[in-house]
Amino acid sequence: MALAVLAKEYGKEPVPMSLIAEKENIPLRFIEGILLTLKNRGILNSTRGKSGGYYLMKKPEDVSLLEIVQYFEGSVSMLPCACDKFNKWCKLVVCSTYI
């Protein structure tokens, strides 16, 4: 939701974290961690001072929802066996379904 606010304001002045939190009814302490993670990943940047805030580093259309979800959730797949973490389990399921 924070990225949607920043996408709407793309190309304008930086958006203060407090405004994003207020617009989306997100606790300030919670959004602070989210914005910092996105800044560290190169999606956002920020400026300090009276007119400071956060802004997108890329055009909104160049920010992938999948990319954002992966930053926070890790690998994403439609089936558990499509992910490397479940490789052993997947082989057992595949083998047992074909027997």
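The largest pocket in this predicted model holds about 270 Å³ of space. A pocket here is an open set of points on a 1 Å grid over the protein atoms alone, with protein on both sides within 12 Å along at least five of seven lines, and lining residues have an atom within 4 Å of a point. The volume is the space filled by probe spheres set on the points, the probe being 1.4 Å. Local features need pLDDT of at least 70 and side-chain atom pairs pLDDT 80 or more, while totals for chains, interfaces and linings use all residues. Numbering runs from 1 along each chain as its sequence is written, and side-chain values use heavy atoms, with hydrogens and water left out.

The lining of this pocket splits into 12 nonpolar residues, no polar and no charged, with Met1, Phe30, Ile68 and Phe72 among them. Nonpolar covers Ala, Val, Leu, Ile, Met, Phe, Trp, Tyr, Cys and Pro. Helix α4 gives the largest share, 4 residues. Helices are DSSP runs (H or I, at least four residues), numbered from the N terminus.

As for α4 itself, a side-chain oxygen of Ser64 comes to within 3.2 Å of the backbone nitrogen of Leu66 at the helix start. Just past α4, Gly74 adopts a positive phi of about 90°.

Glu67 also sits in α4. Glu67 counts as buried because its relative accessibility is 19%, the limit being under 20% with a 1.4 Å probe and protein chains only. Its side chain makes a 3.3 Å polar contact with that of Lys58 (N or O atoms within 3.5 Å, one able to donate a hydrogen and the other to accept it). Beyond neighbours within four places in sequence, Glu67 contacts Ile43, Lys58 and Asp62 (heavy atoms within 4.5 Å).

Note on methods:
Helices (H or I, at least four residues) and strands (E, at least two) are DSSP runs, numbered from the N terminus. Buried means under 20% relative accessible area, exposed over 50%, partly exposed in between (1.4 Å probe, protein chains only).
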